Structure formats: structure tokens, C-alpha cells
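Work through the following exercises with the sequence and the 3D structure at hand, and try each task before reading its solution.

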Amino acid sequence: MADRYVLAVDQGTTSTRSLVFDRGGRMVAVRQREHHQYFPRPGWVEHDPMEIWANTQRTAAQVLGDVPDAGDVVALGIANQRETTVVWDRVTGRPVTRALVWQDTRTADLVTELAARPDAGVVAERSGMAIAGYFSGPRLRWILDHVPRARERAERGELLFGTMETWLIWNLTGGPDGGVHVTDVTNASRTLLMDVRSCRWDPDLLAFFDIPAEMLPEIRPSVGVLGTATALNRALPIAGALGDQQAALFGQACFAPGEAKCTYGTGSFLLQNTGTELVRTRSGSISTVAYQLAGEPVRYALEGSVAVAGALVQWLRDGLGLISSAAEVETLARTVGDNGGCYVVPAFSGLLAPHWRGEARGLVAGLTSYVTKGHLARAVLEATGWQTRDVVQAMAADSGLSLPALRVDGGMTTNNLLMQFVADALDTPVVRPMVGETVSLGAAYAAGLAVGVWSDVEALRRNWHRSAQWTPTPERARALTAEYPRWERAVELSIAWGAP
Amino acid sequence: MRWVTIRARDGLASGAVPGTVQSIERAAAILRVVAGSGGTLGVTDIAAAVGLAKTTAHSLLRTLLHVGFVAQDPATGRYALGPGLLRLGTSLDVNELRARSSNWADALASRSGQAVRLATLAGTEVVVVHHVFRPDDSAQVLEVGTALPAHNTALGKVLLAHGAAHPPELAEVRAQGWAAERGEHEPGTGAIAAPVRAAGGLVVAALGVSGALTSLFDARGVPRSLLLAMVVDAAHAVSRELGHGGG
């Protein structure tokens, strides 16, 4: 039998990428296209759904042309930027407004107002997550409130809602001409509209947010055939869909409770598999759906999102001009042996997990005339390591699960100084897989699993290979544990600084 | 009339000196004009300043653009000195090198089934800049920062062959574009490495696989052809990533 391949579409915040993977989980082709970022007002971030759909079609067609025989590609999986919200006309297929992106903060006032309602407790109780503008439900509500006639048209069943995977699947399967209107359970769990136990739209939550049920997609497992893509140069079953961070968890083969991955990009996203148990959180991590295989129970995860990780290095480069490329931060940091007593808290627009303090603002603490740009570079890298420790501690408190090792991916994992610091700060081995494209690999795994390219998750686990490992050194780990309260104090100060 | 002065000093009106390469002289004149103009001149002004036909100046500028010695403002079409020129005097940052090579190094390890190392020369030693484990999940230790001898490792031979001294015994390495190590460094293990070049063509690093002698070479000590091709291709890919034209 000829080798069989799986196509993955990674619909991300800045670009749409189409990749083909072989049965060994190795990437054999990739095509990418960036889309425009619209910033119509301060705090508003929008994407054009039509442009993203066009880029999806184009890159998928190109990458299918890159493989020797497109007939060997047997399934399509999708991973998508989470919580980005699209509403469109089911007859014309045109969006009623541009997509509201996950970084968009326009729902802040709406969320404050909703959270103050006496019945607001139902949201956390039912959806598993506290009300926050981070999720897609409030964005949908904003569109219904602000786009002319949107609410009445939605109530008449003329409009459809979806996050990016829903929008793409609908278009791939025919759009106005019989398009399938579905979402996967991981994306649905990020709306605040789904009962996190039954994995169904919850009537009380729909009433709370005032959302017409007619416009919602059907919730489906992450792994399982969702429809047939007819809009590409060949028909393919769409057999998997996951939010991007859940896709990375899947691509990192974190299938057992306790296994965790952290993606270090602009921000950092740490997810830990908690199995079939939904963990009630008290310490600042989020309970979320990890994935669901068709016919199997839902698997849950704890999530800790940090807004600023690589973005702080970019600031060192673009804002301060201390380095000319992101990788040079390590060179600069290695000019000194320690942080010289300097701490940088990158609360550029508040702090997410585990603090959830929107008012916090960034600070540099501990400046003396001894501190050089080398110390500052080291403090910048350490900030990402300390924030990982904050999140891991919160998760350990919530789940009681130990962390055997942290699997990492993303651009910052080529930074050895940072990776060793993370290992020492967590006193846990940090391991990097051979395939860095974990988001798209996760989407490919989901789709390939559904159509039998791989027999089970154990087959996927066998594809995972370590490309590097950073082992904690006991004396450094002890020293960092002793130093940690200083970081915590800097965080407290950043919250106090931003307080009204 | 600033460019008139430039023309008097840097132009080609007096003609080329015999025995020199005319197009290099012309390119140098163009670079001086571009450097002196502060990014304010388009092709017509530059051609006039150096006394060349516009089509000739244009083709020289396209070449300089291609190698990164000039940059062009897409909106105005005007030329400024390029990033490649500014980087000429400085060596490539090793952490930048790792970041830029990472995807190719991962792919090489994954396809070859061997450990991958990227190294640069530091004096008479070779320093490992990037290391990807052999993909068999056995216990391995990250060797980034480790120094290896240059004379008896494949990585070292590649770097010495293309270094300032380029010893005659390594002429073959330079000619064939790769080097082998057959147990000279550690008994039973070997390596195959190829040069990584930066924008100007200078060899800045060596990329190679290492593993058991029997998995890298046949009974006569000849590198397994598929493996050798993977190493050379990966080194070319990293070179392209660093802006080395055409690979």
C-alpha cells in the first residue's frame, strides 16, 4: 500500500498554513499565507473571514499539488485560533461584520456588566469558566447588539455563528449550498455557552447571554468525520478539528492524565491533561476540554495562558533596540552570570493566568547602577520561566497531578538559556519533540486517527521523539526556589501599580 | 547638486584600470553613490552619478539587491545600503544560527535517524551550537556549548577546509563539499558533515549527522549515498535560510 498522508490546516492569528504529514508524523510539505490585521479602534482587532477562507483554499490546493500523488492524501484536519468569532448570512455566505479576534477587548464593559448580575454564577457553574472577554460568547453578543438587524435576523434563523473551524468547515463542505454547520467540542467549550459536563449548548447560558439557539452549530467530537470537503481540488473527509492549543496538546501526544505541554510563542500556553475528570479550579488555571474521540468520553485539561512571553523579547528588540534579532537575546543574556537583582514583569495589558488582573501594568524592579543590558536580557528570559512556574504551581494546586516532564514547542524553544531556566525553575525535565509543528500535527493526528491512518493514540505516541532535553540541576533548582518570592513580590507590585 | 560632486569623486569617467574586473568596479562605484546619498536616489540618478547607461546600472543594482548589499524602498523605488553589507564585518550570532537552522536540523534527524550537530570554529576547536538527539528516545545529553577537536571530527574538517589556513590535506573536503569521520574521534562512531554558508558565500558553520560507523558507511567506508545527500541538502537548506543565493 502506498504511504498515506494527512492534510492539516492551521488557521492561526497571523496566517493560514496548510501542511501535509506522513504516517511517521513527519512534515512533507507546507504552504502559508498571511492575512490582514484590522485595528479599527484602540483594543479592537478584526480579521476578514472571506480573506481567511480564500487563503485556506489557496494554500490547501497548493500543498496538495506539492505531494507526488494527491490521491495519497486521505483526510483533512483543522486547528484554529480560538475564540475568534464569525457571524454570517446562511444564504449569501457573507459575514455580517469582520471576525472579532481573540485579542479584541471591546467586550470589556459588557463583561463587567454581565458579571455584576445576580445570576452570573451560572456561567462558572455550568461552563466551567469565569466570565471574561477572552471567550467567544460575549463577542457573539456584541455582534448581535451592534450590527444593524443582526438580532432579529439571527432570531429568524438567517444568520449562523461559528469560530474559525466552523466557518471553514461550512465553506469547505459547500457553503450556502449544503455546507455543514458544526463545531468541535474544544472550540465550543471556549464560548461560555456550553455545559462543560454534557457538552451540549446550555439553555440557561444561552438565556443569560441572550443568544438565539438557531444560529449555533452542532457540537461534535474533535476526532471523527465532520463532513466532506468538496471545495478543494479533490474531495477529502474533514475528520478532525481542535482549537490550536488543544491541537498542540494532541500533537505532543499528551494523552495520559498529568502529561502537559507548553507552547512558547508571543504568549505561552500550558495545557495539562486531566483525563475524564473535570477539575474545579480555585488557583487561577482554567478547566477546559482537551479533546474527544468519537464514541469516547470527553478528556479534560487544565490551561494556563500567559499573554506575554516572546512578545517581551520582541519589545527588547523593537521597543528598546538592544538586540537586532530575537535569538540574540540569549547572546546578550550570556554576557552576565545572573540577573543582577533585576526582575521584569511583562504585564503590558494586565496579567492572565494564574493572576487574572487586567489592571496590572509592566515594571522593571531592582534597578541599580550595577544592572546592565545583559542583566535586563536575562530578566526578560527569566520572566517567561517564572510565569511558567506561576502557572504550574496553580495547576498542581488545582489538579493534585504531578508533572513528570514538560513538553515544549514554539519559537522560544531554541533558546537554551531559557529552556534550562524553565527546567530549574520547575525542578522538572523539559523536553522538546522532533516535530516542532505541534499544532498542525495535532490536527493531522485527529483526522488521521478518525479515518484509520493510525490505529489508536498509542500509535501516535510511538511517533513522538525527543529532539532535546533540559534536566534540572538540584542546586540551581534549590536556589531558584529560594529566589521565587522575589518574583512574586515583583508581580504584586505590578498589580498595585496598575490599581486605580 | 550633491550627486554631481559624488560623480567627480566616484564616477567611472576615467575608465577602468587594465587587469581589473569592470563590473566589480562599477558595483563598487554604485555602492559609494548609494552610501553617500542616504537612500534618496533612484536608478536614473544613480546611473547618471556613475556615468553608466540606465539599463547597465539597473542590472548591477538588481544583482546588489539579490546579494543583499543594497535595499530598495518598495514605495519610492529608491536605493539604500542593504543589510547584507552591514553584516559583512561581523560574524553571525550563534544563537541566531541555531534559531535559523532548527527546522532543518530537526528534519535531518527525523529522516536520517541519526543525531545532528551544527558547529562553528573557535580557534583550533569546534563548538557545538545546536544538537538534535538521535530520534530513538534513548538517554542522550544536550551537547550545546561542548568543544570538540577540529582535526579529527567531520564538523572540524569541514570548518578547517574552508577556513583561513585551508590545509592541503583537506583540499578534497573543499572540492567534494563534505567531510567524513570514521572512528578517529571515538572508536566505533563516525560522522558526515557539510558546510553552511552565509549570504556572501563564506562558510560560517558545519552541519552533520553522527552515529554508529556501520549505519553511516558501507563496508568499504563509503558514506551511504542517501544519508550523504540528506546532509548536503540540509546544509544547503540552512545556507539558503541564511541568504546564500541559489544554494
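**Exercise 1.** Find the loop of chain A that holds A:Asp427, and decide whether this residue is buried, exposed or partly exposed.

*Solution.* In this predicted model, A:Asp427 sits in the loop of chain A between helix H13 (416–426) and strand E22 (430–433). Its phi is positive, about 50°, although the residue is not a glycine. For the last step, a residue is buried with 20 or more other C-beta atoms within 10 Å and exposed with 12 or fewer; because A:Asp427 has 17 such atoms within 10 Å, it is partly exposed.

**Exercise 2.** Locate A:Arg149 in chain A, and settle whether it counts as buried or exposed.

*Solution.* Next comes the backbone, where phi of A:Arg149 is near 65°, a positive value in a residue other than glycine. Finally, A:Arg149 counts as exposed because it has 11 C-beta neighbours inside 10 Å.

**Exercise 3.** Determine which form the peptide bond from A:Ala353 to A:Pro354 takes, cis or trans.

*Solution.* Go to the loop between strand E19 (343–345) and strand E20 (363–365) of chain A, where A:Pro354 is placed. Omega of the bond from A:Ala353 to A:Pro354 is near -5°, and the bond is cis.

**Exercise 4.** State what distance separates the centres of domain 1 and domain 2 of chain B.

*Solution.* The domain assignment gives chain B domain 1 (2–86) and domain 2 (94–241). Taken over C-alpha atoms, the centres of these domains of chain B are separated by 39 Å.

Note on methods: Residues are numbered from 1 along each chain as its sequence is written. Chains are lettered from A and ligands numbered from 1 in the order in which they are written. This is a predicted model: local features need pLDDT of at least 70, side-chain atom pairs count only at pLDDT 80 or more; totals for chains, interfaces and linings use all residues. Helices (H or I, at least four residues) and strands (E, at least two) are DSSP runs, numbered from the N terminus. Domain bounds come from an automatic or database domain assignment.
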